[in-house]
Amino acid sequence: MLKVLLLFALLIAGIVLGPMIAGHQGYVLIQTDNYNIETSVTGLVIILVLALVVLFALEWLLRRIFRTGAHTRGWFVGRKRRRARKQTELALIKLAEGDYQQVEKLMAKNADHAQQPMVNYLLAAEAAQQRGDEVRANQHLERAAELSENDPIPVEITRVRLQLARNENHAARHGVDRLLEITPRHPEVLRLAEQAYIRTGAWSSLLDIIPSMAKANVGDEAHREALQQQAWIGQMDQARADLGSEGLRSWWKNQSRKTRHQIPLQVAIAEHLIECDDHDTAQAILLDGLKRQYDDRLVLVIPRLKTNNPEQVEKVLRQQIKTQGDRPMLWSTLGQSLMKHGEWKEACLAFRAALKQRPDAFDYAWLADCLDRLHQPEEAAEMRRDGLLLTLQNNPPS
């Protein structure tokens, strides 16, 4: 810039001094209606240079005046921003202390001048909700919504979180449905969706988001498996409530083979069918599960069956004893099944085989009942005594 000014000055000096040195300054006439202005070329150039100097001086003066005003405004704005930053830092400390009233007050005060005003209003809304002030929470939330033109997700997440805190479960479910359309793998959205779907019984929707939860690392594998089973059992409850045992059978038939082979679900559907007095279907599911894979959980449900075909149950149990070995649970379950149709002698043998491997108060009691039926009261009394001693040993009086 300085070089340009120097060149400009040299040019003017050449124009002014050149004619003077040469003795030819020229003649300039400016004529108007009332005035005639006569001057030389040199004089006109000097006038123009002076006019430029005056304009530059005015521009410099005006710039200084306006810059001073901008500096003054910047000082006031900076002061508010510094105050907002200090209040935000103090609010975070109060949040750690659990003082939600101060958190709301500090976050909302001067929030418009904070580094991230939307975040301040969102935290103020959650603090107000923690205090139970839903009106203030909604006000802060709406202000945050006004500031979130390009990124509405944090506001909507906070809105759903507040709705769940107020038990507005169906509204929260509607909110997470919309969020999942925008960001299907957002971890916090998936956590909120899990809560909303469980509270509203949206079991199919819960099953749909479990693969996304796995990809987003939301919860561990055990947690996701438990959610999956909870959803399936929830669907069973709905099917039973709508159509009873017929609904349960239809629902079970419509599941994939992989799903039907899961032992926890086999146990759950069998228990549901037993409650609907559909013992034959429950028996078929349990025995089919045992044939595929032995599991104690399946065996535990068998004594609850009131079947018209106990021989099939006993056959499967004996096969399991041959393949799995002398398991006390299998012998005990076989003994209980034999008792139901009066095979007392065989039942005694089964209970003795179970007790031989481990003492159990229930097996002692059932064996005593069988001995009574076989007219052996002395041994029956001995079994009851052993069972009572075992109970006292396991549960000593306080």
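Leu-58 sits in helix 2, which spans residues 41-97 (helices, H or I and at least four residues, and strands, E and at least two, are DSSP runs numbered from the N terminus). This is a predicted model, where local features need pLDDT of at least 70, side-chain atom pairs count only at pLDDT 80 or more, and totals for chains, interfaces and linings use all residues. Residues are numbered from 1 along each chain as its sequence is written, and side-chain values use heavy atoms, with hydrogens and water left out.

**Overall picture**
- The protein chain has 19 helices and two strands.
- Of its 398 residues, 37% count as buried (buried is under 20% relative accessible area, exposed over 50%, partly exposed in between, with a 1.4 Å probe and protein chains only).
- The chain exposes about 24,500 Å², and carbon and sulfur atoms supply 54% of that (areas come from the Shrake-Rupley method with a 1.4 Å probe; for residues, only the protein chains shown count as cover).
- Take the contacts between residues at least 6 apart in sequence: 50% of them join residues at least 24 apart (contact means heavy atoms within 4.5 Å).

**Surface patch on the outside**
- Leu-58 itself counts as partly exposed, because its relative accessibility is 46%.

**Nonpolar cores**
- The largest nonpolar core has 74 residues, and Tyr-197, Ile-209, Ile-269 and Ile-302 have the most contacts inside it (a core is a set of buried Ala, Val, Leu, Ile, Met, Phe, Trp, Tyr and Cys residues joined through side-chain atoms within 4.5 Å).
- Apart from that one lies another core, of 10 residues, including Met-118, Leu-141, Ala-144 and Val-155.
- Back in the largest core, Ile-269 is in contact with Met-236, Leu-248, Trp-251, Trp-252 and Ile-285, leaving aside neighbours within four places in sequence.

**Aromatic pairs**
- The whole structure holds three aromatic pairs (rings of Phe, Tyr and Trp, the last by its six-membered ring, pair if their centres lie within 6.5 Å; planes under 30 degrees apart are stacked, over 60 edge-to-face, and the rest tilted).
- Phe-351 and Trp-366 make a stacked one, at 5.9 Å centre to centre and 25° between the planes.
- Phe-351 is buried, because its relative accessibility is 0%, while Trp-366 is partly exposed at 25%.
- Trp-366 also forms a tilted pair with Phe-362, at 5.9 Å and 35°, and Phe-362 counts as exposed at 58% relative accessibility.
- Phe-351, Phe-362 and Trp-366 form one aromatic cluster.

**Salt bridges**
- There are 20 salt bridges in the structure (a side-chain nitrogen of Lys or Arg within 4 Å of a carboxyl oxygen of Asp or Glu).
- Arg-161 and Glu-126 form one, with the closest N and O atoms 2.6 Å apart.
- The two are 35 residues apart, with Arg-161 in helix 6 (residues 153-165) and Glu-126 in helix 4 (residues 117-130).
- Both also belong to a salt-bridge network with Glu-188 and Arg-191.
- Glu-146 bridges to Arg-143 at 2.8 Å, and both lie in helix 5 (residues 134-147), three residues apart, about one turn.
- Arg-318 pairs with Glu-346 at 3.7 Å; Arg-318 lies in helix 15 (residues 310-324) and Glu-346 in helix 17, so parts 28 residues apart in sequence are tied together.
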